[in-house]
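Subject: Structure handover

Hello,

Please find the structure below. My notes on it follow, with cut-offs given where a term first comes up.

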Amino acid sequence: MLEPLVDPDGAPFWEYAARGELRVQTCADCGEPRFPPRPCCPHCQSFASEWAPTSGRGRVWSYVVPHPPLLPDYAEHAPYNVVLVELAEAPRIRLVGNLVREAGAPIDSLPADRLRIGARVQAVFDGSRLPQWVLERP
């Protein structure tokens with residue numbers, strides 16, 4: 001699988017994810033969350049930031065099921081899903097990932113017919129730096 005490209009602005013995101021925490025960069029002056037991470041707040045132009053914890057809850061905003069696989073490293077998993085999740089606490093923040101059956105499950109573990117726009121999801125971690133998503137249980 002592909003590893004994330006870690007830059008200085010986004011490094012804390014990946015460090016928290018490796019510990020099983022989903023945090024987003026937030027302006028320390030105006031409180032506005034932002035993603036992707038960057039040095040300056042687009043709302044108030046402050047350079048002060050902090051990493052705020054989130055509940056890890058969200059909704060599927062969009063998704064795709066690649067056919068044929070676009071990346072060779074993922075060919076054995078096709079078809080698989082890629083979801084865009086809108087965070088519950090910060091609706092303008094959307095994160096890309098895979099919807100899986102359970103933490104650590106392969107990216108093709110959830111059948112495509114289970115995907116729904118608006119489905120409630122929860123971030124899960126399996127010890128890697130990559131957050132995955134599972135369907136919330138009602």
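The model is predicted, so local features need pLDDT of at least 70 and side-chain atom pairs count only at pLDDT 80 or more, while totals for chains, interfaces and linings use all residues. Residues are numbered from 1 along each chain as its sequence is written, and side-chain values use heavy atoms, with hydrogens and water left out.

Salt bridges

Glu21 forms a salt bridge with Arg23, and the closest N and O atoms of the pair are 2.7 Å apart. The term stands for a side-chain nitrogen of Lys or Arg within 4 Å of a carboxyl oxygen of Asp or Glu. Arg23 counts as buried, at 18% relative accessibility. By this rule there are five salt bridges.

Another one joins Glu32 and Arg92, with 1.8 Å between the closest N and O atoms. This pair links distant parts of the chain: Glu32 is in the loop between β1 (23-27) and β2, Arg92 is in the loop between β5 (82-87) and β6 (94-97), and the two are 60 residues apart. Helices (H or I, at least four residues) and strands (E, at least two) are DSSP runs, numbered from the N terminus. Arg92 counts as exposed at 58% relative accessibility.

Glu136 forms a salt bridge with Arg57, where the closest N and O atoms are 3.5 Å apart. This pair also links distant parts of the chain, with Glu136 in the segment after β8 (132-135) and Arg57 in strand β4 (residues 57-64), 79 residues apart. Glu136 is partly exposed, with a relative accessible area of 26%, and Arg57 is partly exposed at 38%.

Arg34

Arg34 is placed in strand β2 (residues 33-34). A polar atom of the Arg34 side chain lies 3.1 Å from the backbone oxygen of Arg38. Leaving aside neighbours within four places in sequence, Arg34 is in contact (heavy atoms within 4.5 Å) with residues including Gln25, Thr26, Cys27, Cys40, Cys41 and Ile93.

Cysteines

How many disulfides does a search of the whole structure find? The search finds zero, where a disulfide is a pair of cysteine sulfur atoms within 2.5 Å. The cysteine sulfur closest to that of Cys27 is in Cys44, 3.6 Å away, which is too far for a bond. Cys27 counts as buried, at 1% relative accessibility. For Cys40, the closest cysteine sulfur is in Cys41 at 6.7 Å, again too far for a bond. Cys40 counts as partly exposed, at 23% relative accessibility.

Aromatic pairs

A pair of aromatic rings is described by the distance of the centres and the angle of the planes. Rings of Phe, Tyr and Trp (its six-membered ring) pair if their centres lie within 6.5 Å; planes under 30 degrees apart count as stacked, over 60 as edge-to-face and the rest as tilted. The structure holds three aromatic pairs. In one of them, Phe13 and Trp14 are edge-to-face, at 4.9 Å centre to centre and 90 degrees between the planes. Phe13 counts as buried at 5% relative accessibility, and Trp14 is buried with a relative accessible area of 17%. Tyr74 and Tyr80 form a tilted pair, because their ring centres are 5.5 Å apart and their planes are at 35 degrees. Both of these tyrosines are buried. Ring pairs also link Phe13, Trp14 and Phe35 into a cluster.

Helix α1 and the segment before it

Helix α1 (residues 11-18) has Ala11, Phe13, Trp14, Tyr16 and Ala17 as its buried residues. The elements that cover them include β1 and β3 (49-53). Gly20 follows α1 and has a positive phi, near 80 degrees. Val6 is found in the segment before α1 and is partly exposed, with a relative accessible area of 34%. Leaving aside neighbours within four places in sequence, Val6 is in contact with Ala11, Trp14 and Arg129.

Regards

Methods
Buried means under 20% relative accessible area, exposed over 50%, partly exposed in between (1.4 Å probe, protein chains only). A polar contact is a pair of N or O atoms within 3.5 Å; within protein, one must be able to donate a hydrogen and the other to accept it, and residues adjacent in sequence count only if both atoms are side-chain atoms.
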